[in-house]
2 protein chains.
Amino acid sequence: MTETKQAEVENQIVADIERLDTGEELLQIEEAARRTGLTSRTLRYYEERGLVVPARRGDSNYRLYSGADIERIERIKQLKDLLAFSLDEIGELLEVEEQRVSLKQAFKLETDRAIKSQQLRQAILLTHRELSLIDDKLHRLEKLKQDALARIARHQHRLTELEA
Amino acid sequence: MTETKQAEVENQIVADIERLDTGEELLQIEEAARRTGLTSRTLRYYEERGLVVPARRGDSNYRLYSGADIERIERIKQLKDLLAFSLDEIGELLEVEEQRVSLKQAFKLETDRAIKSQQLRQAILLTHRELSLIDDKLHRLEKLKQDALARIARHQHRLTELEA
DNA sequence: CATAACCTTGACGTTTACGTTATAGTTAGG
DNA sequence: CCTAACTATAACGTAAACGTCAAGGTTATG
């Protein structure tokens, strides 16, 4: 059986996958990087910055990323690329999101109706703050678009005028 | 007459303003920086990168920025902040815009109807390319917003459920 | 005409966000 | 068990986008 280098690599990738007690698949750094479109160096850097600490380390001390970790990395990409935020700003925003998550946890355990309501209201507030950040940029982008559209319309008008 | 330091500065600012043959006001670098919300260093850096070369230099070799220069600087800010473009990318985009402008000039001088039409079509094409860049980011931002909105809706739903 | 407050061109420093290289441990396949 | 291909940390390098002096010229004002 002459296994190609390609096939070997694929085997390696399959071997990359471990599992948590929960049965969730865990990825080694290179595979996590591949799935998120980043590099392993970048993932280590994000960890150094405290942005994404992988779910756990295997016996070999290898980093093992969970599905939640991958989602978080994707989120960082979004915020960085789309909102032009620095990693510092992203960190703050993710902290807010985490507050929301832990708030969700507390919510589950809570039995007091009044407190649960209060927690939900708090979660809504946090998300609104996030939303306003996005909305702000959205509006300004929208204006940029309108400018471009206006230019096109002007040209178009002259064109029809010319060809009348 | 005990002129305050404040007043002196204001005098200086007024003195900053020179005029082109056209009668357009020209600003020295600090005032140009103040108006655009940047620093003089940044403006010099932009010139170094070839992004904004001031309209002219005075006899004193001072940089003098025209209204068009100021607009261009504002444009750079927009593209950098809103689209998260690097100065390189902005340079390319501004080049495209300049093509559009010079095209506009050529258009004015042109008498041949067919050529004028062609030029307009070209201008429209260029603007469309710009537009697609903006639109792309806009769509992805919109998705971010929907995610946030969905989260809010979920919370809101649970809240009404709870308080029913 | 002195002085303050501009301006000039270097040139070196800094932060961010990684890339790259070196050295060494770990794991799967033949 | 040897080798290839992963992994680890550490450390140095780098490009972008400026900040921050330093040394000197220019201009308005008292």
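Biologist: Which of the residues of chain B comes closest to the rotation axis?

Modeller: Residues are numbered from 1 along each chain as its sequence is written, and chains are lettered from A and ligands numbered from 1 in the order in which they are written. This is a predicted model, in which local features need pLDDT of at least 70 and side-chain atom pairs count only at pLDDT 80 or more, while totals for chains, interfaces and linings use all residues.

The residue of chain B that comes closest to the rotation axis is B:A84, with its C-alpha at 2.4 Å. As to the axis itself, chain B is superposed on chain A by a rotation of 180 degrees with 0.0 Å of shift along the axis, at an RMSD of 0.1 Å; the superposition is by least squares on the C-alpha atoms of residues with pLDDT of at least 70 in both copies. The two copies are therefore related as by a two-fold rotation axis. The same surface serves both copies, since 100% of the contact residues of chain B recur in chain A.

Two residues are in contact if their C-beta atoms, placed from the backbone, lie within 7 Å. By this criterion, 32 residues of chain B are in contact with 34 residues of chain A. On the side of chain B that touches chain A, the elements giving two or more residues are α4 (67–83) and α6 (113–163) of chain B; helices are DSSP runs (H or I, at least four residues), numbered from the N terminus. Of these elements, α6(B) gives the most, with 28 residues.
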